[in-house]
Amino acid sequence: MKLIVKYNRAFFPVIIILLLIFSFVSYLFTKKVLQDEVDESLVRTEYRLTQFIDAHQELPVMVSFDDVRITIEPTNVPMSVRQIISTTLSVPGRAKNHPARVLIFTVKLKGVLHKISVLSPLEGVKTLTKTLLLIYLISFCLAFLILIFISRWILKRIWAPFYNSLKLVKEFKIDDNKVISFPVTEIEEFKEMNHNFESATTNAQNDYKRLKEFTENASHEIQTPLAVIRSKLNLLAQEDHLKESASLLLEDAFDAVTKLTNLNQSLLLLAKIENNQFLNKIKVNLSEALEAIIHRYQELWQNSNIGLMSQIDPVFVHAHNDLMDILLNNLISNATRHNVVGGQISIRLESGRLTIINTGRHKALDPDQLFGRFYKESANSNHNGLGLAIIKEICLASSFSVVYKYNEGMHTFCLEW
Amino acid sequence: MKLLIVEDDKQLSESIVKYLRQNNFLCDVAQDYQQAEDKLLDSDYDCVVLDITLPGGNGLQLLARLKSLNKSDGVIIISAKHALADRINGLGSGADDYLTKPFHLAELSARIDAIIRRRFFNGKHVITIKHLSVNITDKNVKIGEDYIELTRKEYELLLYFISNQNKVITKEAIIEHLWGYDVGLSNNYDFLYAHIKNLRKKMFFEGSTDFIQVIYGLGYKFTTS
């Protein structure tokens with residue numbers, strides 16, 4: 001649920017109820033005030049009547065004062081105080097009785113007690129209150145709509161820094177070297193939030209950077225002990241009269257050192273690509289580089305009876321020279337290593353695209369894991385499982401796309417830029 | 001031939017010295033910048049094996065110092081750093097070659113040999129072992145008086161063996177030397193067998209004694225004694 005919806009859901013019923021109550025109270029209040037006005041005019045009429053009676057010592061001739069109707073009748077019950085009550089008034093020609101106020105008082109004239117009722121219809125008041133109620137409701141509805149609009153606008157404005165920050169955090173990439181700068185805001189809460197976001201992202205980036213540097217340094221530091229191990233094994237191999245069993249042990253040790261060396265170099269390369277240490281991009285003659293690599297492999301292919309079909313157009317790319325060499329070598333090495341005796345390799349280099357198709361196992365590689373680190377399709381394979389990860393990283397660093405396809409024993413890697 | 005090994009790791013420098021001494025090289029060792037500088041000023045070396053990261057300084061600085069002294073020592077850089085920039089810096093400042101750790105001692109020996117051949121024999125050099133003679137300049141090989149026809153790989157293989165006479169060389173080291181480590185050949189030794197077989201056959205066919213001895217499991221030994 002969006003914040004604004006949540007806010008409206010909490011806010012609007014209260015506003016509506018309050019507005020309704022307010023309208024109703026206003027209605028009642030207006031009605032009361034107007035009724036009081038009528039009552040007051042009744043009292044004024046009473047005053048004028050008593051004045052008249054006092055002055056003339058006779059009952060006035062019954063003339064109608066506006067809407068006011070006065071009736072005088074003799075009575076036996078004296079009233080000490082006047083009475084004002086609500087009543088109804090029958091209007092000739094209309095079925096419904098109209099509400100009215102009546103003031104009753106008694107006056108003694110020449111020894112005779114008269115009861116005088118002054119009646120004023122509330123018809124005008126009723127219309128007025130009704131109209132007023134309508135005006136109230138309409139203006140309240142308008143006010144309500146305006147309120148909705150304003151609250152929406154204010155919410156949007158007030159929360160704008162929040163949504164901006166959210167967008168920035170969403171776009172944040174830990175391996176990006178860019179420092180996120182959050183927009184300045186006057187709102188204290190958002191200031192604090194942005195501050196925390198900023199320190200969290202910066203810390204994450206720094207930690208990640210340190211980790212990458214650590215990987216690189218660790219790889220470097222491993223090189224020297226590896227060199228020592230290899231050199232000692234080399235010397236050990238020179239010992240006279242080495243037993244056959246010892247030779248086999250040495251062979252295994254040499255193998256392991258080589259594997260570790262390759263692994264370490266691959267990890268170092270990955271760390272360096274990730275650390276953006278291959279920024280020096282130049283115009284690389286891809287066709288030439290590819291042909292040089294093919295030349296290196298030709299002997300190997302002949303040996304395994306692997307047929308080569310190649311079509312290489314002159315292609316130049318803007319990339320890092322070393323990375324391109326590694327990329328092409330890894331692709332060709334991959335197509336060779338996973339090939340079968342008597343198989344095929346097809347290499348097609350054209351403007352903006354390199355396609356390498358090789359025969360291999362009759363099973364597609366797992367496209368989700370293929371480019372992951374340490375991916376091996378069989379447990380006993382001899383490579384370190386980093387070749388494709390390196391291909392992927394180089395493609396990323398060079399803004400190439402790489403796609404793997406499988407079709408009936410043919411494995412295709414297609415690079416586009 | 002006199003060499004200076006500048007390497008701060010004692011274990012590694014000991015191995016290098018031990019291996020190269022057997023190849024009839026005289027080896028001095030320096031473990032830090034100062035020692036290396038003193039030794040370079042004191043005497044002349046045919047080739048300096050130079051580590052880049054050194055206590056008290058940088059191998060590249062040392063290289064610059066050496067060049068400023070107009071010394072003609074050959075220099076091969078050995079470094080844990082694989083970066084191209086280092087390689088270019090190293091070669092640009094006058095090093096003759098660059099080798100990344102961890103290397104095979106046989107490879108180091110072959111590279112030093114190549115530098116010495118290039119610098120001191122001006123490439124005009126004939127190596128003679130018994131009745132085998134290899135003319136480095138013309139790249140031809142004779143058994144007795146007869147020339148034998150070798151492919152490029154076979155020739156490189158022979159030179160590699162000659163640089164590491166009477167040493168057991170592992171199959172891996174040879175493959176790395178001939179094809180590079182990144183070809184993905186590391187477990188495809190059939191490949192090497194074919195070349196070795198051809199080389200032996202050609203040399204043997206012409207009446208040579210069989211120099212190349214198979215060391216079970218490990219590799220080969222070019223025996224001259």
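This is a predicted model: local features need pLDDT of at least 70, side-chain atom pairs count only at pLDDT 80 or more; totals for chains, interfaces and linings use all residues.

Reader: In which hand does helix 3 of chain A pass helix 4 of chain A?

Author: The crossing is left-handed. Residues in this contact of helix 3 with helix 4 of chain A split into 15 nonpolar, nine polar and five charged.

Reader: On to helix 7 of chain A. Which residues are buried?

Author: In helix 7 (residues 387-397) of chain A, the buried residues are Leu388(A), Ala389(A), Ile390(A), Ile391(A), Glu393(A), Ile394(A) and Cys395(A).

Reader: And what covers the buried residues of helix 7 of chain A?

Author: The cover includes helix 4, helix 6 (321-337), strand 10 (401-407) and strand 11 (410-416) of chain A. Just after helix 7 of chain A, Ser399(A) has a positive phi of about 60°.

Reader: Switching to chain B. What order do the strands of the open sheet take?

Author: The order is 2-1-3-6-7, five strands with parallel pairing. Strand 2 (26-30) and strand 7 (97-100) of chain B each have a single partner strand, so one side of each lacks a neighbour in the sheet. On average, neighbouring strands are turned by 20° against each other, direction ignored.

Reader: How many bridges join strand 3 of chain B to strand 6 of chain B?

Author: Five, between residues 47-51 and residues 74-79 of chain B. Leu50(B) sits opposite Ile77(B) of strand 6 of chain B.

Reader: Which strands does helix 2 of chain B lie across?

Author: Helix 2 (residues 33-42) of chain B lies across strand 1 (2-6), strand 2 and strand 3 of chain B. Helix 2 runs at about 140° to strand 2 of chain B.

Key: Residues are numbered from 1 along each chain as its sequence is written. Chains are lettered from A and ligands numbered from 1 in the order in which they are written. Side-chain values use heavy atoms; hydrogens and water are left out. A crossing is left-handed if the near helix is turned anticlockwise from the far one by less than a right angle, and right-handed if clockwise. Helices (H or I, at least four residues) and strands (E, at least two) are DSSP runs, numbered from the N terminus. Ala, Val, Leu, Ile, Met, Phe, Trp, Tyr, Cys and Pro count as nonpolar, Asp, Glu, Lys and Arg as charged, and the others, Gly among them, as polar. Buried means under 20% relative accessible area, exposed over 50%, partly exposed in between (1.4 Å probe, protein chains only). Contact means heavy atoms within 4.5 Å. Two strands pair if DSSP finds at least two bridges between them. Axes are lines fitted to C-alpha atoms, for helices over the stretch in contact, and angles run from 0 to 180 degrees between N-to-C directions.
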